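Trainee: I have a model open and want to learn how to read its features. Can we go through it together?

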Amino acid sequence: RGATGPDPSLVYRPEVDPEAAEDKGGFRNYTSGPLLDRVFATYKLMHTHQTVDFVRRKHAQFGGFSYKKMTVMEAVDMLDELVDESDPDVDFPNSFHAFQTAEGIRKAHPDEDWFHLVGLLHDLGKVLALFGEPQWAVVGDTFPVGCRPQASVVFRDSTFQDNPDLQDPRYSTDLGMYQPHCGLDKVLMSWGHDEYMYQMMKFNKFSLPSEAFYMVRFHSFYPWHSCGDYRQLCSQQDLDMLPWVQKFNQFDLYTKSPDLPDVDKLRPYYQGLIDKYCPGVLCW
């Protein structure tokens, strides 16, 4: 059922110091572990149903941002109810991971408050699962649809057999429906919390730098930022932004811990950042 070899992202992670990575080898283990059956089942559904037509339908369905009106902190609280079924590392609510990531960034980059906020925001798109969407259409690593999945996509060799796009000559080559180096802004990514949250931030006019939008949109695109794949689609802007996404990934991945933060003590600081960059009641 699982992959036949190690996940390539365990082998090549340019954003992480090699010696430090040795100490973190238990993360993103897609070959064994107590959560593997749940994780594999989620990816099998994802890789069967994420097609060009499906993604376009989801953009149309959610692009009006008319599902709910709430503040950022209310969205964080909603994630108290969500355990990510694609994550082989943790089995606790996603709201804690938001604060863990944000606090890791805050400790390492105390003067970049917008970066701290990205840590809190990055997974808020997972509220889609609480709007009734199946987790395979919300969580997990992302990849471009409309072209052949590359080698580092998790479980690639055992989960795409029933995806109809791979039987379509328009979508079954390395470039598929894209032009060389067209830029990731012209690429249709698999639908999930990354793309939804990126679009939501644009719709609500978050006053964050462009690096923040890239981090949110592509933090789950592990085949790109951690494995070196899909470079044939990248523009120079994408390559310039890649180090920022890689920098963010260190905190997204390596701050996961069963030692959960005291959220009540952290709220006032992050509410101040929300009031600065994305205040008030927003459209989701």
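Trainee: Are E195 and R217 buried or exposed?

Mentor: First, the ground rules. This is a predicted model, where local features need pLDDT of at least 70, side-chain atom pairs count only at pLDDT 80 or more, and totals for chains, interfaces and linings use all residues. Residues are numbered from 1 along each chain as its sequence is written, and side-chain values use heavy atoms, with hydrogens and water left out. Now burial: buried means under 20% relative accessible area, exposed over 50%, and partly exposed in between, with a 1.4 Å probe and protein chains only. Both E195 and R217 are buried.

Trainee: What do the side chains of E195 and R217 meet in?

Mentor: A salt bridge, that is, a side-chain nitrogen of Lys or Arg within 4 Å of a carboxyl oxygen of Asp or Glu. For E195 and R217 the N to O distance is 2.9 Å. The pair links distant parts of the chain: E195 sits in helix α9 and R217 in helix α10 (residues 210-218), 22 residues apart. Helices here are DSSP runs (H or I, at least four residues), strands are E runs of at least two, and both are numbered from the N terminus.

Trainee: How many salt bridges does the rule give?

Mentor: The count is 12. One of them joins R148 and D174, at 3.0 Å from N to O. That pair also links distant parts of the chain, with R148 in the loop between α7 (113-121) and α8 (156-159), and D174 in the loop between α8 and α9 (193-203), 26 residues apart. R148 is partly exposed at 38% relative accessibility. D174 is partly exposed at 35%. There is also a network of salt bridges, made by D77, D264 and R267.

Trainee: Which salt bridge has its partners about one helical turn apart?

Mentor: Look at E103 and R106, whose side chains meet at 3.0 Å, N to O. They are separated by about one helical turn because they lie 3 residues apart in helix α6 (residues 94-108). E103 is partly exposed, at 24% relative accessibility. R106 is partly exposed too, at 28%.

Trainee: Back to α9. How many residues of α9 are buried?

Mentor: 8 of its 11 residues are buried, so α9 is largely enclosed by the rest of the structure. Among them are H193, Y196 and M200. The buried residues of α9 pack against α4 (52-62), α7, α10 and β2 (282-283), with contact meaning heavy atoms within 4.5 Å. Just after α9, K205 takes a positive phi of about 55°.

Trainee: How many disulfides are there?

Mentor: A disulfide is a covalent bond between the sulfur atoms of two cysteines. The test is a pair of cysteine sulfur atoms within 2.5 Å. The count here is 0. C182 is in no disulfide, and the nearest cysteine sulfur, that of C234, is 8.7 Å away. C182 counts as buried, at 17% relative accessibility. C227 is buried as well, at 13%.

Trainee: What lines the second largest cavity?

Mentor: On a 1 Å grid over the protein atoms alone, a cavity is a set of points where a 1.4 Å probe fits but cannot get out; lining residues have an atom within 4 Å of a point. The lining of the second largest cavity includes Q50, F143, C147, F160 and D165.

Methods:
On a 1 Å grid over the protein atoms alone, a cavity is a set of points where a 1.4 Å probe fits but cannot get out, and a pocket is an open set with protein on both sides within 12 Å along at least five of seven lines; lining residues have an atom within 4 Å of a point.
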